[in-house]
Amino acid sequence: MNINTINEEEIIKRLQTLIHELVENAQSGHPGSAHSLVPLFYTLYAKNILQFDCKNSRYPNRDLLILSNGHTCIILYLFLHLQGFISYTDLVDFRKLGSNTPGHPENETKGVECCTGPLGQGLANAVGFSLSSKKLKATFDNIENYTFDKKDNIDQINEINLFNSKEKMNNEDSSVAENNKLDCIKSPFPVIKLDNAVFCIFGDGCYQEGISHEAFSFAGHYQLNNLIFIYDFNCISIDGSISLSMSDNVVKRFEAYNFDIRICDANDCTTIEKILKGKLKTIRAVSYINNPNDSFIEKDKQEISSSNLYRNFEPSSFSMKKPLVLILQSKIADGTLLEGSAKTHGAPLGRAVIDDFKNKNNIADQKLEIPQEIYGMFENVNQLNSNKASFWYKSVENSMNLGVKKVKNFYLKKFLIPETKYFYTIDSDEVFDSFLKYKNTKNSTRKEMHNALEEFMSIDDSCIIGSADLTPSCLTKNKYCYDIIEIEKNDEGAVYKDHSNTKKHKNDAGKESIICKNFDFDKMYKEKHTVNFQGNHIHYGIREHAMFGITNGISLHGFFLPISSTFLNFITYGWHGIRLSALSHTRNIFIATHDSITLGEDGPTHQPIEVLSLLRSTPNLITFRPCDGNEVRSAINFALQNDGPTVICLTRLDIQPIETTSIEKYLSAYNIVFKKHKLTDNNLSSKDKLKITKIDHRSDVEDGSKLQKPEITILATGSEVSLAIEASKLLPQSVQIISINSLELFDKNYKQIKNGILSGFVVSLEAASTFGWYKYAHLPIGIDIFGKSGKSADVYKFFGFDPSTIAYKISDSFIEYLARKE
């Protein structure tokens, strides 16, 4: 069947009717915007704009489609069904318990790239997918990253490059291609082509969320030209017209972000197609043209009027350094009796409205049935894309046959395995062996993290690491980190120059003030920047919310391990990103420094009290608070193998190393770090009184003799472990101290270990909220009010975190505990 002979308008109306019926069947959903997006989705799929493989939703070179306005997901599910990724039963069971089509997209559904629902998250996810794709392409474009079985295969690789160059530059003289037959290191043509784009659809709600500013600003600054945002600009929200809540000039906003901008009617499939294909030609071309500017020269924007520019779809009109935003002027539920009504946002249209729409468009009593002509059209589209994907897989196989074993941390055979989740490979055994060489020293755990990351990155280069403008404080950047953004200083260096023309004038009050005329904003930047995606270190800026969303996109792409850092208290700025990471089971490492009141003078606005409780109560999220360098490395080792997110909380101040901690390979829940015998003779010397048991990890044996169970057990974390040891020396009772590196992992084995190690009077000690500790401890010691500003030692002591105060609290409560037992 020739899809060009099908009545395009009729198919679109039939697809819109299907959406109405599916939402009506569920008696729940968001049909209005989904209805208006049908022409766009039809164009993306039926006009062969998206490249995908219907046999493998994880096809490495697929275009990535993110639906940030996830409430419109019924349109996505409909097209995923037509691609063959979900069944008809799942489609009909939309929003029903246990179906594969939940009320907002979840990445467990095949073909869904990421979990979207909280508005704006998909924007940041798309930036992460885009950045990861750019870095992946840069990795494969650099022949130095390839590992060959034999050096003599280089000539054969060059023959492939020459063939590719002639195929892709067939409009140029063959001598141009011949000149590109260079030695292997300089060859501009990758052995394996990676030319995918990232599409992100969003609406007015995503646009208004604060995370949108962070994501858009980042995308423009990092020149993510493979990223296409599509804005369903229907000017309706739940409350009604968006005029109730905003009056932005959306075009000027995107101009300020340094975006390419195009505008067209949401129902104009022809113009949508031309704009997107024009942009895609510039994206695909980068894979074959050594100097992109030789092929696509940007036109002088000064010579093009704004009205023409925003509707120009020629490839030469798109920048090679800018993301694109396509603004679709739409009407919610257009063509129905409720066109333009906020009522269509989050409720079924109703039988009367649906039937009227059918009658107006001469659609038979089609309810949940999909017409065969639509299936037939998509069979053609799916087959065409699968053929293209097969050709790509063949290029991978040919490269392997030519002796290419590995491209940096990517084993090519993983590219050929359908539905692969993670394409990179981390040699955790080698990392663990490296960690075992570590000698415990006095340090803050954030410094230990710096050292441990350096050890890890000397072995493995699969991570993308960054911080939310706290690089010198979080200390995650090490000598194996290379900035993606590179600064070019101008002739004046970093000296600030006032490039504005100013004059003085008197205001209404008669006071003199200064105003600026002809303000030259561009010159206010002291340094220019270039982007090098061979790098692995990101300066996220003060953008925690976007940072966590971006790292989710990087992780879900499956090619790099994201590691991000901020202060523990500022994790709550981007909380939804971390929550969706847990919901999506993304392999993400969140490093959170300055983890308690000991950060001192910055005071309660920066001191996390409740954050640990929030993290620990979140499903699928594992939180660590290590007490020294050994436990830091143990936490990292776990995180590298964890099929989900991990938060590692670290101290600002130096803490004493604990001699008896260990680096564990598989389980990092706790360490029994200290034991002390009961003091029975008051005439003993103070040295004899402190007969401290040096123990083997989790062992109750000293010199082959079994010890009695202690009267008091102290569960402590992080900086409070060494405090617990000092406090226990002041107690006459027998004491054991357990460092709880991860309370969640400890809890998973709680039933088994409760009777084994939690003996006697149990105390928990942590400079944070006591919430959650009552499950384990008779006496939780913590902080259940906000902190104070002051010197770290003074604040610590103010809240009773000194050995004598802790010992007194424990002793007093222990007496009450014994009395209750009697």
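Reader: Which residue in S10 stands opposite lysine 406?

Author: Tyrosine 411 stands opposite lysine 406. This is a predicted model, where local features need pLDDT of at least 70, side-chain atom pairs count only at pLDDT 80 or more, and totals for chains, interfaces and linings use all residues. Residues are numbered from 1 along each chain as its sequence is written, and side-chain values use heavy atoms, with hydrogens and water left out.

Reader: How many bridges join S9 to S10?

Author: Strands of a sheet pair through backbone hydrogen bonds, either parallel or antiparallel. Two strands pair if DSSP finds at least two bridges between them. Strands are DSSP runs (E, at least two residues), as are helices (H or I, at least four), numbered from the N terminus. Here two bridges join S9 (residues 404-407) to S10, and the two run antiparallel.

Reader: What is the strand order in the open sheet?

Author: The order is S2-S9-S10, with antiparallel pairing. S2 (146-148) and S10 (410-411) are the edge strands, each pairing on one side only.

Reader: At what angle do helices H6 and H20 pack?

Author: Axes are lines fitted to C-alpha atoms, for helices over the stretch in contact; angles run from 0 to 180 degrees between N-to-C directions. H6 (residues 121-141) and H20 (residues 544-557) pack at about 50°, with axes 6 Å apart. The two are therefore oblique to each other. Under 35 degrees is roughly parallel, over 145 roughly antiparallel, 65 to 115 roughly perpendicular, and the rest oblique.

Reader: What share of the protein chain is buried?

Author: Buried means under 20% relative accessible area (1.4 Å probe, protein chains only). Buried residues make up 59% of the 822 residues.

Methods. Buried < 20%, exposed > 50% of the residue type's maximum accessible area, 1.4 Å probe, protein only.
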